[in-house]
Amino acid sequence: MMKTFFAKLMAVAAPLALALCLTAAPNAVNAQATPEPSPAVAPIATAAPAAPAAVPAAAATKVDNPYGIGALWAQSDLVAKAVLAILAIMSMGSWYVIVTKLLEQMRMGRQAKEVDNEFWNEGSVQAGTAKLAEGSPFRFIADAGVHATRKHDGLRGKVDFADFVDLCIHRATERVNRRLSNGMSLLATVGSTAPFVGLFGTVWGIYHALTAIGIAGQASIDKVAGPVGESLIMTAIGLAVAVPAVLGYNWLLRRNITVMDDVREFSGELHSVILSGRATA
């Protein structure tokens, strides 16, 4: 009887156990699937180190140009530095002459207007000379004319008075012209020689490039980039020094002609006034 009871119990319990197993199986599968989001977090954790990789890229943009002028001065030898120094001195000298001569020409232009407004309205050359500014080339020429009337004695007295006055005024005018032309030869020299100085630096840089190729045994870009870049920079600097000097020379030379026309006009009129007898000795 007990066996019959256990048999009936097992017959009822077996379907229940099977149903429970079938119900628990999907839950177990879901339970095993739910922990899988943790690998999804892992890519985030692994992606975080990628951010520092951008730092070297940003830092790389701040690196100085290894082939710039600063690197050229730091890496060049004594000859290249001497060439750069000579070109720098040439450039500063030419710009100094351009600026100073331009200011001098402008000042003489203003003084020429003062001559027209003040000098010729006076009653005598001496009175008109006193009206002119100290250091003015027009006053220098006027003083030379007045002194010529006073120095016409002794051996000078044997020379015709008109010729002697003309000689003194002409001498003063030429001195003004020479003073106005001071520095122009420097511009001409810089304009004609600066390209060749830069060319010497170019040849010297190519020499270093060939030396680097010979030592390395191959013409790789990293071996020749520096010396070739040095050569190109030397050429560019030589042209940058020469071009302003040439342009400044031609420009100032034309302005000198205009200024000297005013000076020579004043000299001729002064000579005529002195000979006419209006000047007071």
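Me: Leaving aside its neighbours within four places in sequence, which residues is G248 in contact with?
Reply: G248 is in contact with I98 and L187, where contact means heavy atoms within 4.5 Å. This is a predicted model, in which local features need pLDDT of at least 70, side-chain atom pairs count only at pLDDT 80 or more, and totals for chains, interfaces and linings use all residues. Residues are numbered from 1 along each chain as its sequence is written, and side-chain values use heavy atoms, with hydrogens and water left out.

Me: Where does G248 lie, and is G248 buried or exposed?
Reply: G248 lies in helix α10, residues 221-275. Its relative accessible area is 6%, so G248 is buried (buried is under 20% relative accessible area, exposed over 50%, partly exposed in between, with a 1.4 Å probe and protein chains only).

Me: How far is G248 from W95?
Reply: They are 153 residues apart in sequence and 8.5 Å apart in space, C-alpha to C-alpha.

Me: And L247, buried or exposed?
Reply: L247 is also in helix α10, but L247 counts as exposed, at 56% relative accessibility. Its C-alpha atom is separated by 9.1 Å from that of L187, which is 60 residues away along the chain.

Me: New topic. How many helices and strands are there?
Reply: The protein has 10 helices and zero strands. Helices (H or I, at least four residues) and strands (E, at least two) are DSSP runs, numbered from the N terminus.

Me: What share of the residues is buried?
Reply: Of the 281 residues, 28% count as buried. As for contacts with a separation of 6 or more, 79% of them are between residues 24 or more positions apart.

Me: How do α7 and α8 pack?
Reply: Helix α7 (residues 137-150) and helix α8 (residues 161-181) pack at an angle of about 155°, with their axes 9 Å apart. That makes α7 roughly antiparallel to α8. Angles over 145 degrees count as roughly antiparallel, under 35 as roughly parallel, 65 to 115 as roughly perpendicular and the rest as oblique. Axes are lines fitted to C-alpha atoms, for helices over the stretch in contact, and angles run from 0 to 180 degrees between N-to-C directions.

Me: Which residues of α7 make that contact?
Reply: On the α7 side they are P137, F140, I141, A144, G145, A148 and T149. The α8 side includes F161, F164, C168 and R179. By class, the contact has 12 nonpolar, three polar and two charged residues (Ala, Val, Leu, Ile, Met, Phe, Trp, Tyr, Cys and Pro count as nonpolar, Asp, Glu, Lys and Arg as charged, and the others, Gly among them, as polar).

Me: Which residues in α7 are buried?
Reply: Among them are P137, F138, R139, I141 and A142.

Me: What about α5 and α8, how do they pack?
Reply: Their angle is about 145°, with the axes 10 Å apart. K101, E104, Q105 and M108 in α5 meet V176, R179, L180 and S181 in α8. That contact has three nonpolar, two polar and three charged residues.

Me: Is E104 buried or exposed?
Reply: E104 is buried, with a relative accessible area of 13%. E104 is found in helix α5, residues 78-118. Not counting residues up to four places away in sequence, E104 touches R179 and L180.
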